[in-house]
Amino acid sequence: MRITALLAGVVLAATALTACGGGSDSSAGDAKVPDDPAQVKGDLTYAIWDVNQQPAMQQVVKAFNAKYPNVKVSISLATFDQYFTKLKTQGSSDNLPDVFWMNGPNLQLFAANKQLAPLDTLLEAKQVDPANYPQALNELYSWDGKQYGVPKDFDTIALWYNKKLFAEAKVAPPTAEWTWDDYKAAAAKLKAALGAKGIYASGDELGNQGNYYPAIMSNGGYVLKDGKSGYGDPKSIEGLQFWSDMVKAGYTPTAAQNAETPGRERFFSGKAAMMWNGNWLVSMALKSPVKNDLAIVPLPKAPSGERKTPIHGLANVMSAKSKNPQAAAAFLAFLGGKDAALIQAKAGAANPAFNGTQTDFVNSAPYALTTFIDAASSYSEPYPVSKDTAVWNKLETDLIAPAFGGDKPMSEVGPDVAAKMDEALGKEK
């Protein structure tokens with residue numbers, strides 16, 4: 001799912017979370033799910049952050065209740081920008097939701113502070129089986145030798161475009177052979193033809209996962225390796241400069257403009273012709289007024305001739321302090337099962353992590369969704385995370401995106417970010 005840097009409150013809340021992290025993580029993790037579903041009772045809160053996936057999650061809860069009628073599950077929705085700030089505040093008072101979505105950048109922080117229940121009992125009982133999910137996701141949601149998250153979905157990045165706008169501008173549509181130069185050349189033509197109508201060439205949001213991580217990786221650079229930042233690497237700087245050039249030329253909205261109207265909203269309302277983004281937007285695409293005009297191809301290739309995408313995915317986790325651990329464990333196991341995966345796949349809500357269920361996701365929309373799955377197996381790289389990723393994610397948001405298109409070259413911005421990021425990483429040890 002989408003990863004963007006969090007607001008300043010996240011760092012403050014993380015400090016509070018660390019301060020209260022001395023509790024035990026074993027009580028909820030030891031909960032066993034009885035063979036008789038009627039014995040499982042209680043009220044649960046399930047926290048998520050994507051309104052587009054909420055209908056599918058409600059269907060999952062309904063299917064769960066068909067098997068466990070004595071458990072009431074209430075879905076709690078918060079926007080992504082508020083979600084982890086809220087979770088960390090709740091964690092500081094031992095009041096986390098019973099079950100909730102987790103992403104890679106935050107797993108280690110919550111696990112290290114004993115806020116999450118490990119999956120030991122569910123794994124031993126085979127009620128959750130890691131063999132059902134990509135190994136990379138099992139590893140992403142493990143810490144200190146224990147697995148804490150049940151993989152929910154996985155995502156990669158591709159090039160979305162509007163066929164109607166390309167035709168209107170008389171610009172040849174993207175292909176799998178496109179390069180960065182092709183992307184820029186098409187953007188120039190699109191701007192010339194459509195700019196006067198208030199239509200941007202690209203609706204790119206200048207985010208890390210969707211934009212500059214894949215650019216950096218495709219160009220042979222890196223974000224994080226061996227505990228050190230890669231933002232000072234020349235190849236990484238070139239990846240950043242690609243996006244700065246796009247903004248400076250007026251092909252892509254600035255960070256400030258994206259803050260007012262996110263690029264995806266421009267794209268799905270016909271006000272942008274193309275964008276780099278993920279498969280988590282399928283349900284949004286299907287609800288949009290341009291749903292019949294959309295298409296997907298692989299990302300354009302960097303000057304190196306390579307294309308890369310970060311691979312990430314969400315997991316469901318369980319609070320170590322759940323007041324109804326037995327019911328929470330039953331719900332967590334159900335969320336990790338094939339039935340729940342098929343529900344979200346058929347709804348186009350997300351590309352499920354459960355092996356063998358991706359076909360239903362591919363068939364959920366009239367787009368080339370296999371592009372995302374092929375990317376995962378052919379040219380993906382692990383999503384960069386550390387123990388307290390949110391700290392240096394905030395550096396990215398504060399220092400990188402606002403600098404795109406500005407007077408300061410990325411040859412200065414990159415090393416500056418690298419120095420501050422290395423300082424933050426040094427404090428994690």
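**View 1. Salt bridges across the predicted model.** This structure holds 10 salt bridges, and keep in mind that the model is a predicted one. Side chains of opposite charge can pair when their charged atoms come close. Three of these pairs get a close-up below.

**View 2. Lysine 197 pairs up with glutamate 168.** The closest N and O atoms of this salt bridge sit 2.4 Å apart. It's a link between distant parts of the chain, with 29 residues separating the partners. Lysine 197 comes from the loop between α8 (180-194) and β8 (200-202), while glutamate 168 belongs to helix α7 (residues 163-168). As for solvent, glutamate 168 is partly exposed, at a relative accessible area of 35%.

View 3. Lysine 394 has a relative accessible area of 19%, so it counts as buried, the cut-off being under 20%.

**View 4. Lysine 420 meets aspartate 416 in helix α19.** Their side chains make a salt bridge at 2.7 Å, N to O. Both residues are in helix α19 (residues 410-426), 4 residues apart, which means a separation of about one helical turn. Lysine 420 is partly exposed, its relative accessible area being 36%. Aspartate 416 also counts as partly exposed, at 25% relative accessibility.

Methods:
Residues are numbered from 1 along each chain as its sequence is written. This is a predicted model: local features need pLDDT of at least 70, side-chain atom pairs count only at pLDDT 80 or more; totals for chains, interfaces and linings use all residues. Side-chain values use heavy atoms; hydrogens and water are left out. A salt bridge is a side-chain nitrogen of Lys or Arg within 4 Å of a carboxyl oxygen of Asp or Glu. Helices (H or I, at least four residues) and strands (E, at least two) are DSSP runs, numbered from the N terminus. Buried means under 20% relative accessible area, exposed over 50%, partly exposed in between (1.4 Å probe, protein chains only).
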